[in-house]
Amino acid sequence: MVSPKQSRTNALGIKSILGTEGLSASQIRKILDCAFAFKRLSQSGLEPVSPLKGKSVTLLFFEPSTRTRGSFELAAKRLGASTLVLTKESSSAEKGETLLDTARTIEAMRPDVLVLRHPSAGSPHHLDRILSVPVVNAGDGFHEHPTQALLDLMTMEEFKGSLEGLKVLIVGDIAHSRVARSDIYALNTMGAKVSVCGPPTLLPPKVENMGVTVYWDLEKAAREQDVIILLRIQFERLTPGQIPSKGEYARFYGMNSSVLAKCREDVLIMHPGPMNRGVELSPEVADGPRSVILNQVANGVLVRMAILHLLTGGEALKGDPS
Ligand code: CP
């Protein structure tokens with residue numbers, strides 16, 4: 001869900017990025033264009049002229065993270081902003097302070113953007129309603145992870161040229177995946193054809209109502225796809241019996257050389273990370289020529305730069321994947 005508060009002072013016309021559900025094609029286009037413009041600038045050996053100089057970005061992370069936290073911090077610094085990083089363990093949340101009191105305390109220090117990762121679905125939406133600072137959802141429970149979806153779209157567009165009509169298969173633990181939810185909303189908005197595949201125990205009820213085709217057989221599902229996204233099995237969120245064992249899961253839903261051999265020659269293999277090597281995908285696929293997993297990580301910095309730039313009033317920049 002996008003923040004209901006509209007902002008006339010930035011090029012996106014919204015205060016916060018809370019999800020890809022409700023983001024329009026034109027808002028997604030502006031974020032991707034801006035990220036490609038930053039990429040072009042960086043490839044020419046230039047850095048943006050510190051558009052966020054004098055501004056500050058606070059990162060409040062109540063769950064572990066390598067990619068999202070690291071790339072938001074790098075993105076803010078590359079744009080000239082100062083950063084404050086607080087984790088659950090390093091904040092007074094550990095002493096029982098509520099999320100709202102922590103967030104109000106942070107707001108009193110006048111950050112320009114608050115980036116929040118939290119295990120409770122809806123927590124960034126709650127803060128967005130109460131605080132005046134723009135909030136970016138860096139992952140809320142099972143709900144959404146919009147910046148991951150946007151970097152996924154950037155990577156697909158970079159390698160495939162266009163999202164319109166692109167066939168994208170998402171494999172695995174869809175039920176617990178905020179990445180899957182955000183990817184599905186954003187890809188559908190941009191005209192891609194999305195399918196999902198996984199054991200019935202890991203697919204949400206009525207998942208087809210999200211505008212996806214459902215498969216249970218990976219070899220059949222994978223054959224004609226342009227892009228295959230393997231999702232991390234979220235062992236910390238599984239209830240007993242949802243999968244019989246890691247080995248059994250890998251046998252039926254793991255991407256390996258034998259399944260890859262039946263796919264299109266130019267298929268892209270993606271994974272949001274962190275990977276369970278040998279479970280969702282075999283090491284030779286993860287490190288093989290079709291894998292763009294590290295390109296996703298690199299694009300994560302650029303997409304987060306674009307979001308910070310646009311939410312703080314930066315002009316819409318023109319860039320393209322070519
Ligand atoms: N993809 C993703 O969100 O990774 P992190 O948990 O490392 O941020």
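Guide: Ala, Val, Leu, Ile, Met, Phe, Trp, Tyr, Cys and Pro count as nonpolar, Asp, Glu, Lys and Arg as charged, and the others, Gly among them, as polar. The model is predicted, so local features need pLDDT of at least 70 and side-chain atom pairs count only at pLDDT 80 or more, while totals for chains, interfaces and linings use all residues. Residues are numbered from 1 along each chain as its sequence is written, and side-chain values use heavy atoms, with hydrogens and water left out.

Visitor: How do the residues of the shell around the ligand divide by class?
Guide: A residue is near a molecule if one of its heavy atoms lies within 4 Å of it. Around the ligand are Ser65, Thr66, Arg67, Thr68, Arg117, His145, Gln148, Pro272 and Gly273. By class, this shell has one nonpolar, six polar and two charged residues.

Visitor: Which residue has a polar backbone atom 2.9 Å from a nitrogen atom of the ligand?
Guide: A polar contact is a pair of N or O atoms within 3.5 Å; within protein, one must be able to donate a hydrogen and the other to accept it, and residues adjacent in sequence count only if both atoms are side-chain atoms. The side chain of Thr68 has an N or O atom 2.6 Å from an oxygen atom of the ligand, and a polar side-chain atom of Gln148 is 3.0 Å from a ligand nitrogen. The backbone atom asked about belongs to Pro272.

Visitor: Where does the ligand sit?
Guide: On a 1 Å grid over the protein atoms alone, a cavity is a set of points where a 1.4 Å probe fits but cannot get out, and a pocket is an open set with protein on both sides within 12 Å along at least five of seven lines; lining residues have an atom within 4 Å of a point. A molecule sits in one of these if more than half of its atoms lie within 2 Å of its grid points. By that rule, the ligand sits in the largest pocket.

Visitor: Which elements give two or more residues to the lining of the largest pocket?
Guide: Grid points are joined across faces, edges and corners, and a volume is the space filled by probe spheres set on the points; for this pocket it is about 430 Å³. Of its 22 lining residues, the closest to the centre include Arg117, Arg178 and Gly273. Helices (H or I, at least four residues) and strands (E, at least two) are DSSP runs, numbered from the N terminus. The elements are α2 (67-78) and α6 (178-189).

Visitor: Which element gives the largest share of the lining of the largest cavity?
Guide: The largest cavity has a volume of about 70 Å³. Its lining includes Arg67, Gln148 and Pro272. Two or more residues come from each of α2, α5 (146-160) and α11, and the largest share, four residues, comes from α11.
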